[in-house]
Every structure is written in C-alpha cells, then in structure tokens.
Amino acid sequence: MKGEQALGIALLSSGLDEQLARLEAAKSQDDLQPLIEELRDQFGVDHIVYHWVAADGEQFGCGTYDPAWVARYLERGYLRIDPVIVGCYQRFHPVDWKRFDWSSKAARAFLRDAIEYGVGNQGFSVPIRGPNGQFALFTLNHSCTDFEWQEFTEHHRRELILVAHYFNQKALEFQPGRGPKPATLSPREVDAMTLIAVGYSRAQVADTLSISESTLRVYIESARFKLGALNTTHAVAQALQRGLIVV
Amino acid sequence: MIRYLYASELARHPGLARTMFRDRADQFRTRLGWEVELDASGEERDAYDAMNPLYVIWERADGSHGGSMRLMPTTGDTMINDHFGHLTGGVRIESALIWECTRFCLARDTDPGAAAALMLAGGEVMQGFGVEHFVGVFDARMVRIYNRIGAAPEVLGSEGEGRARISVGLWSFSPEARARVAASAGIDPVQSRAWFEAAFGPVGARIAAVAA
C-alpha cells in the first residue's frame, strides 16, 4: 500500500537498529541534529522534533522543522497556546495530536499558521519523564490521511516510544555539568544477559538463577532499556560491545 | 465511574481528591498500620504525589472516592527503585514500557466491583499507552483482593511475615485477564473504553478540518 510504503513500514525495523547504534555512539550535542534527520528519514515522516526542559529551566532542542517556523513560533509566543505543549507538559502518556483540543480560535489559527510553514496535519508526541523531574517531548509529524497515520502509529508505537526515550537518554548525557553516564547493569541483569548471550533459553536462565520467568522478563526488559535496545538480540550485542558482559 | 486524573488536574475535583487522600490515610495508616504521614487535615500524601502522577480513581455516584491507584513511569523517580531495590534482586526496574502502580486503595464501604473496575482501567492504560507491565509494592492482605478480581500479580520479591509482609509484584494484562476482570467488575468493556477516551480526549476530526 502506498501510504505504508511512504511511511516506511516495511523497511523500518532492520534499519532502526543501525540508527540506534549511531545514536549510542554520539559524542556531543552537535551529533544529535544529523541523527534526528536520519531518524526522520528512517521513519519516513516529514518531521521529528525533540525538546527538553530540566527542573532548573535549562532547555535544549533539535529537529527538522523549517527554522523560519521555529523563529515564528518563538516570536509569536506559541508555546503558550500550542495544544501539543499544553496537552503534554509534565505528563507521560504518548498521544496522537487528534486527541488534543484544537477547538479554540487561537489553536486553530496556530495550526493554520504551522501548516503554512510546512508542519504536517498529523502528529504523535511522546512526553518523557526523566530523572530529577526532567521533562522532554519527542514528536513525529507528517502530512497524510487519518487512516494512514493510524496504521503507522499503531504499527510503530512501541518503537516510537523506545526511540523517544533513547534519544532523551543520549541528550541527557550531554547536559552541562553531567558527564556521560555509561549504562550499568546490576549483577542480576548481568547474569541474565550473560546466560542469554551463551544461548540459554529463558526457562533455563530462570532456572539457573532461581527466579521466576516473570522476574526474568522484568530483568531483561530493564536491561534492554538501559542498553537502548529494541530487542533482546540487540541488547546482548550492546552489552558485549560495551564490555558489560563477557562470554 | 472511572476517572483518570493527573495530580495537576485534582484541583478541579476537590471533593474527590480530599476523599481519596483521606481514604488512603484510613487504609494505609489505620487499617494496614503502615508508617505513612498524614497532614493536618488527615490526608495521606507522600513525595511521589508531588511528582504529578496519574491517578486512576473510582468515583462513586455521590462524587466521592471509592478506590484508586497511582501510576508513574519507571523512567523517573519511583518508590520501588528508591526504597525496595532489595526486593528486586538489586535491579533498578526502569523502562518506558513498565509503569509503577502504587497506593492501590479502596474506601471502607466502597461499591462492589470498584477494585475490578480499577484493574480494568489499568488495562485501558496499558492498551492505550503501550505499557507492557505495571510493577508495584503491595501488602500481603491485598493478595486476596487481587485474586478475587482475577488480576493476581506475579511476585518478584517479598519481605516480612504475616500482616507485615510487603511484596513487589508484576502485572501483565492478557486479553483473557481483561475479559475476566471486566466480568468481575460488572462493567461493559465498551463503557470502560468510553471513560478512558473521555479522559484523554476522543480522537476527533477537528485537526483534519482545520488542515483541509
């Protein structure tokens, strides 16, 4: 189907691992802008935008909107009426833009203006709650029909949520005054990932570690997240590469 | 009915909020004997209530609180990671796909089905927001209630004996569990879905109309 192809459904998963590896390797804040452009191309959407606000008010952002739109947004003070910001600030559930309240005159005028500047009519935003009250927002934006967008977001929601958080984890590393914090795994997570790396089945790992399979599932999910991985195979590769596990 | 309210939205529901924090005091301090702090007006709040959690609340016909639970993402500060790491094998449970569920509370004389309604709402959150698991700390005496409504957690770790036993549990929500809990709550899944949609904004065509 054309819409799906344009939105990159078929090709996404394999390529995304590569983007995440490159994200992992980013060395400075300056590396994030080209990365967000690559992610946009990988997802096949018009725009991706990332923005964070620390508890002390410090901000950082990058994204693919037209700089003229960003300038206009700031000049007009749109932050106060943008339904996406109003609907996401200090929250933590992912949301399709159609769920926001666009009914006010100001919101409708804002959206018309945004579209003039190349912002698409569809959006999906992932608000992120990080450590110490950090708040960030990761948004995908595109122009397509409601049906195409629904297909895309339903199909990719899990990946979108994870990529949003991994992007945030990386951005946090570059926060002034905060050195790179290598992902560390607890001894139990190291045990679990090591046994998986050497080919044990989940049942065998659980049995060996004397834990239930549910407990193991949580350890693996937690380790995967800390390693910025989409799946267990990728997580094992990451853990090996970083020397967190040795087999 | 079920309400989904961030802490920042509670001010618009003062009666509901007041009775929730009082019922929490009654459950956790008076009945369970936990060392929780009460404020001057007898309401129980902790540091996590100040971090804008999402409350899932069973509101009774008279507008008062009948039961509730408190949800937080495990990517931020959580009770389990801050205080109960020794019950999870020292593993810091942290994932965008796992949320923490704490302060599961029922009013003394609540409606039958309130507990199941809350669990059903938990399922809506999972399905609606791509959450794969809830983790939570709970008292031994809650196990009976969870079992009765068909939403027993998998226990990751426990400490203490008898009345003082505290566990960290994990909830998943299969379609079968969902059907079981819906039956136990006596709530039509369509109704449950409608409460969720009402709280988080129906998917409307308004944006499309502007864009056209």
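This is a predicted model: local features need pLDDT of at least 70, side-chain atom pairs count only at pLDDT 80 or more; totals for chains, interfaces and linings use all residues.
Helices here are DSSP runs of H or I with at least four residues, strands are E runs of at least two, and both are numbered from the N terminus. The contact (heavy atoms within 4.5 Å) is made by Trp69(A), Arg72(A) and Tyr73(A) on α4(A) and by Phe110(A), Asp113(A) and Ala114(A) on α6(A). By class, four of these residues are nonpolar, none polar and two charged. The two axes, lines fitted to C-alpha atoms over the stretch in contact, come within 10 Å and cross at roughly 155 degrees. The helices are therefore roughly antiparallel (over 145 degrees on a scale from 0 to 180 between N-to-C directions).

A pocket is an open set of points on a 1 Å grid where a 1.4 Å probe fits, with protein on both sides within 12 Å along at least five of seven lines; lining residues have an atom within 4 Å of a point. Of its 26 lining residues, Val49(A), His51(A), Tyr65(A), Val70(A) and Tyr73(A) lie nearest the centre. The largest share, five residues, comes from α4(A). The lining has 19 nonpolar, six polar and one charged residues, with Gly counted as polar.

Residues are numbered from 1 along each chain, and chains are lettered from A. Local features need pLDDT of at least 70, and side-chain atom pairs 80 or more, while lining totals use all residues.

Methods:
Side-chain values use heavy atoms; hydrogens and water are left out. Angles under 35 degrees count as roughly parallel, over 145 as roughly antiparallel, 65 to 115 as roughly perpendicular and the rest as oblique.
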